[in-house]
Amino acid sequence: MKRQAFFLGLFSIGGQVLLLRELIRTFHGNELFIGTALFGWFLAVALGAYFGGKTARSISSSLIFITGVLLLPVMIILTRLFPHFAGYVVGEYIPLSTAILISTLAMLPIGLLSGWLFPVITNRGRLLSKSVARVYLFEGIGAFVGGIIVMLVTGGLLSTLQTAGLLGLGIIWGLLTGYRTALTKRIIITLVFTILYAGVHYSMAQMDSAIEKINYHGYAIITSFDTHYSHQTILSRDSSIVLLTDNTIEAVYPQIESAEYMLIPPLAYIPDTGNILMLGGSRLEIAAIADSLPYLSITIVDPRKKLHRVIDNLITNSKNIVLYTDDPVSFITEEHATAQFDIVIINPGELDSYKNSRFITKRIISHCRQLLKPRGILYIPTPYDTDRYISYETAPILSAIFSTLQNIFDYVTVWPGTNSLFFASQSPVLDISYDSLITNLNMLTYYPQYVNDYYLGNRLNPLRIERMNSILHKQHQTTSFIKPHLLHLQTVYRAKANKQDTQILSLILSASYWLPLAVILAVTGGLLTCSKDRTRSITLFLYFIAGLVSLSLELIVFYIFQSTVGTLYSEIAVLIGAFMLGLAFGTMWALNHGGKQLAPVSLLFLLNATILLALTYHFIPTSVSLLYFGLFLFAVALATGGLFVGATNHLYRQNPLYNPGSGYALEILGSSLGALFTTTLLLPVIGLYWLLVIIIGLIITAFLGARVLER
Amino acid sequence: MDRRLFLRCIGCTAAVAAATQTELFPEILGGIQNACAFDSPPQLASVEARYYKKLDEHGIECEICPRHCQVTDLERGFCGTRENRDDTYYTLVYGLPCALNIDPIEKKPLFHFYPGTTALSLATAGCNVNCKFCQNWEISQSRPEQTNNFPLDPRDAVNTCVVRKIPTIAYTYSEPVIFYEYMYDIARHGQKKGIHSVMITGGYIEEKPLHDLLPQLDAVKVDLKAIREEYYRTIVHGELKPVLDRLIQIKKEGTWLEIVYLVVPTLNDSEAEFTELARWIKTYLGNDVPTHFSRFYPQYLLKNLPPTPLKTLETAYQICQAEGLEYVYLGNVPGHKAESTYCPKCGAVVIKRRGYRVLQTNLNGNRCSKCNHIIPGIFS
């Protein structure tokens, strides 16, 4: 039973994390879907556990395991091929509404089997209550171990599909080779599985390649691989090379226009530039012109050490490019903060993920200011088209970027055009005439093909400048790490491309929709609390809080981690694993040692951990972030496990005939609401501080309720 | 607290909340409210549209484009800019452009039409097709109440050109066919004041409205998006046949015509398609119709399709030249030889361009200054 529970944990974490990776990749790196995907996962686990409980004795766990490990790669392949099956053409954007639906559905089969396995394995124990706790514990241990394995191998060594293959064979091997299996038999099975794995490894690599060929038909696939940071695909067509990150174009070579707009415009203000720092993707593009400006020293910070020889060779050929392997945010916030640059370039790309939009926050902009020389310029090229008009949806994005820059710098100026370019400085270096700009450009050793008088006269004509200025000063809302609303403004902007998306967002963001819902929730909660059976009501409330708070904190940790470290792609496995382990130990400890005050003690522990997080998260160096947040989630889960057992003791001790699924169902409901709303909606609207304050408030309320119970 | 008291408290709280809080998320909601404002606010125009017929039953049938939308009361056609009100069809965008710029004529691109001059470019919201690669999707796929419009009477548009000495008005960005009445009236006033009019269109218009419009126009640039019907059906959401017919009509009726073909990687960039395109142009329009190949950049729904490689454009250029087209151009490739106009007889550069600038003109009227060969177009 213990062994099976361990493999359940392994299977569960593997399924969850690998599918999440695939969804992030398929939906262009957007992390908003983590919420809806986790919602789908919880829903499926709850359904699986319910049906599994009914059929626990009639289905063997091995059969479910085998079905699960075979289904996991199939689900990964289906998720990856979804755009092709759904009729999207190469490179077509998948609307938010479709992504929400698919992210929820994709998690269902594996989640269902994972939930199903729990009661089936539990039933193998002699004493139900004890076996539940044991399965929970070993599932947690399995999840933690699985999380570490997935983090270590996926990206660095294996692709997602290969990891799924390894995981599947590992689980089946583990199920076949018990303690009692003879050594010879064990060796033979291991040998067979090693050979099998070699086959699976090879065939999965072929499959990876075949899927890329389908998804990018018309292009030659140079290579396709996972890194700890993202999924990379390198394509070529008609002598051009395309680097895709999570199905989004990161760079094209040669693409002179993009390269020039990435590098040249700030040189028009300070042509005597020496040192340039470049953050964010684009190393491939500027390689096309860097050699022509030999007096520049360009430091590019990128967390991916090597991509592929085709790309790496192009970059190393440019002698004035220094590639520094680190996350850009870590780089500018830590030991390099004293370095002085003439120009800092932030290339955020589309602001459709926390990974990208985190660059344009007051915190990061402030750090960039510290890196600049007194006459230095911060330059942010954005992809927003303001050449012919500025739409209602683009205006708030540009205005928020402008306000954020203006908050930190004394001088900010914006070039309208097919891409809008932001410049900020502490000196009046930006206050120069158009003629001076052109004179400065003519002083460069490289003659720009696009950033020159032939084009700039049109781009910077008074009509366009006036239009841009008219929208920049309309709003004064800045975007920050605490209240990151750029991603959501971007979501509204992209939603315009699809009517369903517009309608869904309108519904979600409408006050008239939320107000009645809030009232209904309050009334329901109130009715429960005021019912005659107060013990039952409070206990159910504790279940709900256990689910809501723990999952909200988990997602907040994902957000903080992604915003500070920038590599949630693999580490999410360890974070979820640490949470699962904490949940298992908390439950185990509570079952064995829990006394009368279990619920209040757990809530007090949860409260302390949350307050500690609120007070310390911004002081944590990125080098220990994974440990810090892993321990925090472990602590949160420990308390949640204790709270769950505490609430269970109260509910079922006094009402032995009460519906056994109610507590669990309310916990799942809480988790689902947390998954759906915490970072998707509440974080950008009320901000991180208020979100934590509300969570602390909820914990205190639950604590008071638990104290009432204990009396 | 008993249950009754609790309910009373909740009721009061809800009432206070409803009274004080109308918008929970003002900064985000602002954008989405604009995007969702499907009801017609009063600032929209209501000028009776041309080219529609009343149906036997209730409703009208729009006859301006081949889509032939049948529109019931208070509904709009596919373009979102024409509304049936009690069986009278109205255009809602007359005099309400949402984009106004002064651009070089080369940006349209029109290379054989007063080179080196500027054009007052204007557009309203809406379009009668839905191209997945649309560069102007933020206005073309919007209804007029979803865009930032400003009133500009046809006379004012023309007067602006007169005062600012802008020789041409270009109806562009979105699809001018959907603001036909506005375009027609500006062009008519413009003619009286000596201001030229050029239409930058997808050519998805019916024969009669085009026939009536062409005398008011000085030039038409048609975006021929592909030479395959399937592409039009799946990527453009329109039809190829009517566009080809209108190209022939424009040529026949004598209005200056230039063609732009946007080369979209993997979707319309095969050598076979370039050859077919060149042959069709040569056969039905003549080899002297300027043909521009422009580069696709990731836009709108094709946000993650890489830009067109230069080599693909050069392939198109070579194929068209080999097929005998005399004026083939590549767009947005500054410094490339295919930016300039060459005399097909002596090979001399007659108009040298770089970017949006005309660097040199070697023309005597509309003749090559070297060999006197006639260069088609409107040059002076």
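**Exercise 1. Find how helices H4 and H5 of chain B pack against each other.**

Solution. Start with the axes: those of H4 (residues 154–164) and H5 (residues 180–193) of chain B come within 8 Å and cross at roughly 45 degrees. Axes here are lines fitted to C-alpha atoms, for helices over the stretch in contact, and angles run from 0 to 180 degrees between N-to-C directions. Helices (H or I, at least four residues) and strands (E, at least two) are DSSP runs, numbered from the N terminus.

A word on the source: this is a predicted model, where local features need pLDDT of at least 70 and side-chain atom pairs count only at pLDDT 80 or more, while totals for chains, interfaces and linings use all residues. Residues are numbered from 1 along each chain as its sequence is written, chains are lettered from A and ligands numbered from 1 in the order in which they are written, and side-chain values use heavy atoms, with hydrogens and water left out.

Next, classify the angle. Angles under 35 degrees count as roughly parallel, over 145 as roughly antiparallel, 65 to 115 as roughly perpendicular and the rest as oblique, so H4(B) and H5(B) are oblique to each other.

Finally, list the contacts (heavy atoms within 4.5 Å). On the H4(B) side, the residues include B:Pro154, B:Ala157 and B:Val158, and their partners in H5(B) include B:Tyr182, B:Ile186 and B:His189. The contact of H4(B) with H5(B) has 6 nonpolar, 3 polar and 3 charged residues. In this count Ala, Val, Leu, Ile, Met, Phe, Trp, Tyr, Cys and Pro are nonpolar, Asp, Glu, Lys and Arg are charged, and the others, Gly among them, are polar.

**Exercise 2. Compare that with two helix pairs of chain A.**

Solution. Take H6 (residues 160–176) and H7 (residues 183–215) of chain A: they pack at about 160 degrees with their axes 8 Å apart. That makes H6(A) roughly antiparallel to H7(A). Their contact holds 15 nonpolar, 4 polar and 1 charged residues.

Now turn to H8 (residues 256–267) and H9 (residues 283–290) of chain A, whose angle is about 90 degrees and whose axes are 8 Å apart. H8(A) is therefore roughly perpendicular to H9(A). Among the residues that meet are A:Ile256 and A:Leu263 of H8(A), and A:Ile286 and A:Ile289 of H9(A). By class, this contact divides into 8 nonpolar, 1 polar and 2 charged residues.

**Exercise 3. Check the length of helix H21 of chain A.**

Solution. As for cover, 27 of the 31 residues are buried. After H21(A) comes A:Gly566, with a positive phi near 85 degrees.

**Exercise 4. Locate B:Thr255.**

Solution. B:Thr255 sits in the loop between helix H8 (241–253) and strand E12 (256–263) of chain B. Its relative accessible area is 11%, so B:Thr255 is buried. Its contacts beyond four places in sequence include B:Leu214, B:Asp218 and B:Ile250.

How values were computed: Buried means under 20% relative accessible area, exposed over 50%, partly exposed in between (1.4 Å probe, protein chains only).
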